[in-house]
Amino acid sequence: MAASPTSSSGFEVLFSDLQNATDVESTLNVLNILDELLSAGTDHRIDYMIRKGGSEALLNALVTNGCGLSPNYRILLPILYLLAKVGHKDCCVGKKAEEAGAVLLTLNLLKNNIQHARRAAACLLVIRVFASSVSTANLIVSNQGQDVIYKLMPRYTTKNLQTIKASINAFAALLCSNANICSAVAKGYMASLLQLYEDWHSKDTTHSAMEIRHALLRCLHKITHSALGRRTFVSQGGLRLLYHTTQTCLLNKCLESLVEPSVQLMRKCLPKTPLPLTSDQSAYSFPLPGRQCAVCDVAAATDGSSGEIEEEEQEEEGCQEAASIDYDDDLETDLNKLCLCPDPDRPKELLPQYSRLCPELLHDFQELDSSSERSSPSSSSSSDDDTVLYKNVAFHFFGAERRQSAEVLSKTEKGTPSQTKSAAAILKAKDFNSHNGILSTSSEVGGKVREMRGEAKSGPTNDDQDNKEGNNNFYNCAMIDKLIERHGVSIPYHKPTMYRAAAIKTKSIPGFNILAFPDFWGHIPPTGNETMAPRKPSVQRQKVFEDIQRFLNTDDMVNQIVFDLEDDSSPDRPDSLRFFSRFECGNLRKAVQVRRYEYDLILNADANCCKHTQWFYFEVSNMVPDVPYRFNVINCEKSNSQFNYGMQPVLYSVRDALNGQPHWLRSGTEICYFRNHFCPARGSQKTTFYTLTFTITFKYNEDVCYLAYHYPYTYSALRTHLNLLHRSIDPAKVFFRQQILCATLAGNACPIVTITACPPSKGYKDIHQLRNRPFIVLTSRVHPGESNASWVMKGTLEFLCSSDPVATALREAFVFKIIPILNPDGVINGMNRCDLNREDLNRQWCKPDPVLCPTIYHTKGFLYYLNSIGRTPRVFCDYHGHSRKKNVFLYGCSVKETLWQSGSAVDTAGLKEDPGYRTIAKALDRIAPAFSFNSCNYMVEKSRSSTARVVVWREMGVLRSYTMESTYNGFDQGIYKGLQTGIGELQEMGMKFCHSLLSVTEDTRVLYGKELINHVNLDHNILDHKSHNCFEDDEPPCAEDIEYSTECPGLKGSDMESDINRCMAGTDEEEGVAAIHSS
């Protein structure tokens, strides 16, 4: 009977004994030994037992001992318990049971033991395990197993609770396929389950049957996995029932464990609600050369409800597959792709055109001989010759379409009389939002703002109208100047009149003719620090309850459209807020008043497409002071946000600005970000949207306020800033040249700035030193919604033009080539991710299209040119913003680190790699309080192979090629820990990045000059912010589930193993289970 211990394991010996046992006592002894071994061991022991054939041995023992007319339950019960314990860990136990003939046998044992609680419970545990296989569950259901099990689920009772719980869990386990769910729904089990839950909830006053209620919730979760189940749940009053029972649970701390499963179930079953839009396509469309605009809506016009069912059923599976993608799988492991430089994407003959972008190499510095010329800034500014070069060279190979665009841009930059007069008339007459009489009642602020607004219309009119319009324009300009004189605040590098002049030349898709007040008036950082907003406990749960109430109590809802970007006919309601977003960088497509003080906000997708919604910037007015208004941005796309971790939107008050406090302030309470039940108006039901909700309490009556995702920075602000910077520098010391890289698709200029030091003299040595300085190339704002990148760039530009000794040293050591906005059209039109070509420009660097991606094409061409003349940049850095992480950090490129992280088999010992790619990060870690060294990453990912960072590293051979990511939120380390980032911190980061460049200079005379040595010391740890202790890059899980779960959250102590142990303890009495249901 025993096998040789040298040839078989102990488990195999026991299985052999179990199979060959001829008497009851021997069988029980073997079963007891197996139970003790499993109880004393871990999951590893169970896994080992399964590998040695434990499941098959127990199944055979079950069939052998259970097929008789009078089976011995002294043997069967231990076998059933062991089979449940082992089978729970065996993913193939269902198929093994079918092959052994144990499935229907167990079901028959259950049918024969309805009146025996312990026996029934043991059979139910095994059926629950078998049902882990879909085919096995289908077999049980097809043999009336669902009906048999349901008879063991009575209304409220205090007896046989373990058996009742086992029956509910087994019923839930059978609901593992759409067919079984449809069968259960067709038989009316949805209504029965809801009745059972209501009965147990109302009668279990002592809360002794919590596990039964939790099991019923788990069963409801399973039956609502399909679209049919969810619709039936709603139609049978499931939402209303769970809402009311959950409100009761909130009043008793003992019932807290039932709240989250109920909330998750309600969130999952809320009917999909299409966004109240006529089209998912952006409200802005732009004709692309050689293309038709994409239409995203057509894919949705399929078979209606049937398509919806199929898509909804696949939705969660798709989400899980996306989430399961391993980061390591994205790492590039092909050594050739990492090390070999690909061929250029254009012939070398096209590169000399970019020589014009290196004026410092061609300039003769004649002004050094004349003090009168030295005092004039014209020597270092853009010239008419540059415009001619721009027209003739920048579009040399674009063809007729682009030449026409170049001519338009050239005329606009010069400002032809007719264009300038027409644009100026529009902007002067309507400098601020004058739509439909906002602030129509008399008030101090309203009067001042109304004085700055006019109702004159541009265009040809009769003489009287022309005279009236001219008078209005003159009056408005005078009033604006008077208002600025009276209430204006001195803002560095900002002048409202210059901003307006720059805005006149800015071309937008809708033809903006109104300026947002904060951009025109300007703003300065607030005096104090702004801490991260504390998250109110269970704030998301409360917001979800309010959203469910909207569905249950439709009569209490206003549901009135109060703003529509595409329709000006929305009536003004005296008791509602008024919204507006038709200005540069603005983004708000529609506002719907839901309740008296609650609004749903829908963002506009990027132009020419139907997605990329995150950035918002809009005006709001007609508010009541000291009243909390709830705003819900309902079509966000990212699966998580820093709004869940202390971040707040920013608010600007016109009244405060006129009172001498022009600040963007972090504002909002009760902030959270979570998945909602909205879906595209016509697009795929699989698209997932998220809600950003926050509450604002306005301080003043009849104020005009602006709300934004982050501190706005417009294209017109950049043009103004560059002009003022040029005026501020000493042309005898600073070589500052603003040129045009190219025109955008919409005909806006993409500026490129050169900053370096003028040579001390025209002597050969000084000119030679100038023309051999290494290049630093900096770019920013390729993604329009990342306005924080522009503020960092602003800090860089101002510092490099300053008289600071470090800035002076940097100018003497390097030539800086800066492209502050790589995506002007996207920034102007309030887009978040793409350009007008509906593409992410930072994924076009491998082979950019010269017509559709002109800024990327010419930036890369310029880098090719520098490379071709032996002036490969010492550093390339692309400034970005990061929406999911805190602090500021760098992404770089390293072959070795990529291969190490990916687990590649390539032997890296023989690979030589300059470790200098870490130099700047190490320097920043010492001097920049906002910087986190250990958040930096030097992996090369396949999905990032066409980004600027990777392409410049791989194709141009720039060792220090970076993406610098700046948080939208704030910091979790050092002296800024717990603070939200502001304009001041972002600009400081731009300055600190400049400081770090001293670490890569090879001119030691510059680095250790007398004036510099006392200002910076990169070898000393100035700041002890201990970023080296920050090992986690990502945020911890949110306090509340952002996604709604498809599974019921577990109840502590209610796992399978605990259920088996309780049933084995035999605490239930041997008596029948009530199987009477009111029908």
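Predicted model: local features only at pLDDT ≥ 70, side-chain atom pairs only at ≥ 80, totals over all residues.
**Figure 1. Secondary structure and contacts across the sequence.** The protein contains 43 helices and 20 strands. When contacts between residues at least 6 apart in sequence are considered, 79% of them join residues at least 24 apart. The close-up views that follow show particular sites within this arrangement.

Figure 2. Leu 651 belongs to strand 8, which covers residues 650-653. Its relative accessibility is 11%, and because buried means under 20%, Leu 651 counts as buried. Which residues are in contact with Leu 651, leaving aside its neighbours within four places in sequence? They are His 663, Trp 664, Leu 665, Ser 667, Ile 696, Phe 698, Cys 705, Tyr 706 and Leu 707. The view also takes in Tyr 711. Leu 651 and Tyr 711 are 60 residues apart in sequence, and their C-alpha atoms are 8.9 Å apart in space.

Figure 3. How many disulfides does the structure hold? The count is zero. Cys 609 illustrates this result: the nearest cysteine sulfur belongs to Cys 834 and is 5.1 Å away. A disulfide requires two cysteine sulfur atoms within 2.5 Å, and Cys 609 is therefore in no disulfide. Is Cys 609 buried or exposed? With a relative accessibility of 6%, Cys 609 counts as buried. Cys 758 also counts as buried, at 9% relative accessibility.

**Figure 4. The largest cavity and its lining.** The structure holds eight cavities of 30 Å³ or more. The largest cavity, shown here, has a volume of about 80 Å³. Its lining is formed by 10 residues. Which of these residues lie nearest the centre of the largest cavity? Ala 503, Thr 506, Phe 512, Leu 515 and Glu 584 hold those positions. Among the residues nearest the centre, Ala 503, Phe 512 and Leu 515 count as nonpolar, Thr 506 counts as polar, and Glu 584 counts as charged.

Notes: Residues numbered from 1 in each chain as written. Heavy atoms only, no water. 1 Å grid on protein atoms, 1.4 Å probe; cavity = no way out; pocket = protein on both sides within 12 Å on 5 of 7 lines; lining within 4 Å. Points joined across faces, edges and corners; volume = space filled by probe spheres on them. Helix = DSSP H or I, 4+ residues; strand = E, 2+ residues; numbered from the N terminus. Contact = heavy atoms within 4.5 Å. Buried < 20%, exposed > 50% of the residue type's maximum accessible area, 1.4 Å probe, protein only.
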